[in-house]
Amino acid sequence: MKNFCVIDIGTNAVKIKIFSNGEYHILRNKHISQIDNNVSKEDIIKHVEDFMRTAKEEYDVMPEHTYIYATEGIRSAPNGKEIQKELEQKTHRKVHILAPQREARLAILGGLSSIRLKNNPKQILFIESGGGSTEISFLDMSKRPFAIIATKSLPIGSRNGKEELHQEQNIQDFCSALQRKGIKIDSSAQIVINAVGASKLMAQHLAMTSYRPDQIAKLQKTISLDNFQQSCEHILNQTNYDSDFLKSYFLKEETKDGFIGHINILHHIFDTLQKHPDFGLSLNTDISTTLGGLKDGAAKEIELRYKKEALNIKDNTDKPSVQTVQDKESIQPIRNYYKRVAQEENAQYIENETSSYYNATIQRQNGEKLHIQATDADNVGISAQNKQGKPQIPDYHDFNKLVQYAKEQGQTISFGNIKSEEFKARLLLACMENDVAITQVPKLDMAQIDKETSIRLKKAKFQKNNVKLNPLHSQKNKKSNVDLMPYIKQEKLRA
């Protein structure tokens with residue numbers, strides 16, 4: 001998998017997350033100063049160039065694998081367009097100015113990937129509070145990985161959060177959007193907050209001696225909405241934010257205002273939500289915090305694009321263990337591919353559109369059929385019938401087409417629930433002949449394998465540097481050549 005990095009230009013800081021040699025690295029944020037109510041163009045350009053240089057020299061990330069995202073700080077700044085243009089000229093990389101909805105989705109993806117929620121909530125109220133804006137989103141967790149039912153971006157953040165807030169109408173609009181869609185709050189609903197202020201408040205509740213966001217996520221602790229609101233009121237009612245206060249919430253004098261801004265915003269949001277007659281947010285609702293954010297969500301998204309995930313293949317002797325496709329978009333590439341295969345072969349493509357999972361058949365002119373099933377992009381099963389309608393192992397050609405699909409998708413092959421030795425052998429043969437990597441070499445009993453398959457396996461093996469199989473991926477994504485012979489019962493190998 002390629003090394004890459006994500007650079008996130010926020011309102012207060014430029015952040016980076018680097019993926020290098022199978023591991024993630026996060027470097028210290030670089031502060032952005034304000035000049036005449038504008039974010040500093042000089043700071044942003046310098047920080048991005050410094051990050052890109054470090055990523056290349058120390059982590060082997062090429063400039064073309066650097067992805068730059070910008071949010072409210074540039075989106076609403078009077079000099080935002082100027083910054084974008086000059087930054088693109090200097091870095092030769094596109095600067096993605098994210099719309100609020102896109103920003104919210106990436107932030108949620110990053111936040112949820114960093115925690116393990118207890119009791120599998122059906123719904124989540126997710127709040128992302130940054131330096132210049134705060135996004136409120138309502139999530140349906142029965143979808144994969146989640147569905148945003150409604151989201152609202154508020155033009156308030158830690159920089160202006162201490163001021164008097166007037167966001168009642170925006171928050172009521174958010175509630176009304178849920179009402180129009182007939183959404184009712186489930187008893188399992190939870191609140192997840194991605195804001196430094198909330199995580200430091202949680203750390204104080206946990207009596208932590210040092211501020212460790214990773215430990216907060218690991219401990220999986222929650223507090224009730226009622227307790228959270230009482231803590232917010234206690235903070236906001238302080239008349240003297242002295243050294244004891246700073247120490248209690250792990251603050252420095254220069255970070256105090258941002259913390260109080262976050263607390264004021266969150267208190268305002270929850271107070272308004274509780275006053276809404278039909279929202280139904282219980283005081284007992286659990287609140288947890290997360291340390292993931294936009295850069296983490298963007299990195300996860302890019303990783304999935306680059307990563308050679310295994311295509312798990314089975315022989316369709318059983319029905320799919322998961323009966324319903326959770327993400328119908330994920331199976332669209334499989335559908336398109338096999339439609340193309342049918343067209344190339346002048347065969348009939350038949351899809352059972354009433355099935356809860358992808359279930360298609362390619363019916364050939366000679367009467368033979370190939371059946372394809374998939375519950376998502378990473379789990380595919382195939383089976384075949386002869387022209388008399390009796391089950392048979394799919395043809396070599398069908399295995400070649402399947403692994404070629406995996407190759408197009410940048411995937412390795414994983415051997416799933418396969419009962420037939422011949423099926424396993426033909427799948428392995430297709431991987432070898434098409435130079436497609438596999439996650440694990442299967443053990444084969446050659447006594448149960450057809451003569452033609454046995455001969456082709458031996459021939460393919462010796463073509464791979466005499467006794468070497470194509471590269472395999474280890475757990476650390478490093479490549480190594482594996483000798484096939486120890487995995488085959490050689491004494492039963494038939495010529």
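How much of the protein do buried residues make up? They come to 51% of its 495 residues. This is a predicted model, so treat what follows as a reading of computed coordinates. The secondary structure comes to 15 helices and 23 strands. If you look at contacts between residues at least 6 apart in sequence, 66% of them join residues at least 24 apart.

**The six-stranded sheet**

Let's begin with an open sheet of six strands. Reading across it, the order is E11-E10-E9-E12-E14-E13, and the pairing is mixed. Strand E11 (147–154) and strand E13 (223–224) stand at the edges with a single partner strand each, so one side of each has no neighbour in the sheet. Helix H5 (residues 168–180) packs on this sheet, where it touches E9, strand E10 (134–140) and E11. The direction of H5 makes about 165 degrees with that of E11.

Further along the order, strand E9 (residues 123–129) runs parallel to strand E12 (residues 190–194), and five bridges join the two. To find the pairing on screen, look for leucine 125, which stands opposite isoleucine 191 in E12. As background, strands of a sheet pair through backbone hydrogen bonds, either parallel or antiparallel.

**Two hairpins that share E17**

Strand E16 (residues 348–351) and strand E17 (residues 358–363) run antiparallel and are joined by four bridges. They form a hairpin, with six residues between them. Isoleucine 350 stands opposite threonine 361 in E17, and glutamate 351 has alanine 360 as its bridge partner in that strand.

E17 also pairs with strand E18 (residues 369–376), again in the antiparallel sense, over six bridges. Here glutamine 363 stands opposite lysine 369 in E18. E17 and E18 make a hairpin too, with five residues between them, and glycine 367 in the turn has a positive phi of about 95 degrees.

Is E17 largely enclosed or left open by the rest of the structure? Five of its six residues are buried, so E17 is largely enclosed.

**Positive phi away from glycine**

Most residues other than glycine have a negative phi. Two residues that go the other way are worth a look.

| Residue | Phi |
|---|---|
| Asparagine 346 | near 55 degrees |
| Aspartate 435 | about 55 degrees |

Aspartate 435 lies in the loop between helix H14 (421–433) and helix H15 (451–463). At 42% relative accessibility, aspartate 435 counts as partly exposed.

**A lysine on helix H3**

One last stop is lysine 81, in helix H3 (residues 80–91). Is lysine 81 buried or exposed? Its relative accessibility is 67%, so lysine 81 counts as exposed. Along the chain, lysine 81 and isoleucine 97 are 16 residues apart, and their C-alpha atoms are separated by 9.7 Å.

Notes: Residues numbered from 1 in each chain as written. Predicted model: local features only at pLDDT ≥ 70, side-chain atom pairs only at ≥ 80, totals over all residues. Heavy atoms only, no water. Pairing = 2+ DSSP bridges. Contact = heavy atoms within 4.5 Å. Axes fitted to C-alpha atoms, helices over the stretch in contact; angles between N-to-C directions. Buried < 20%, exposed > 50% of the residue type's maximum accessible area, 1.4 Å probe, protein only.
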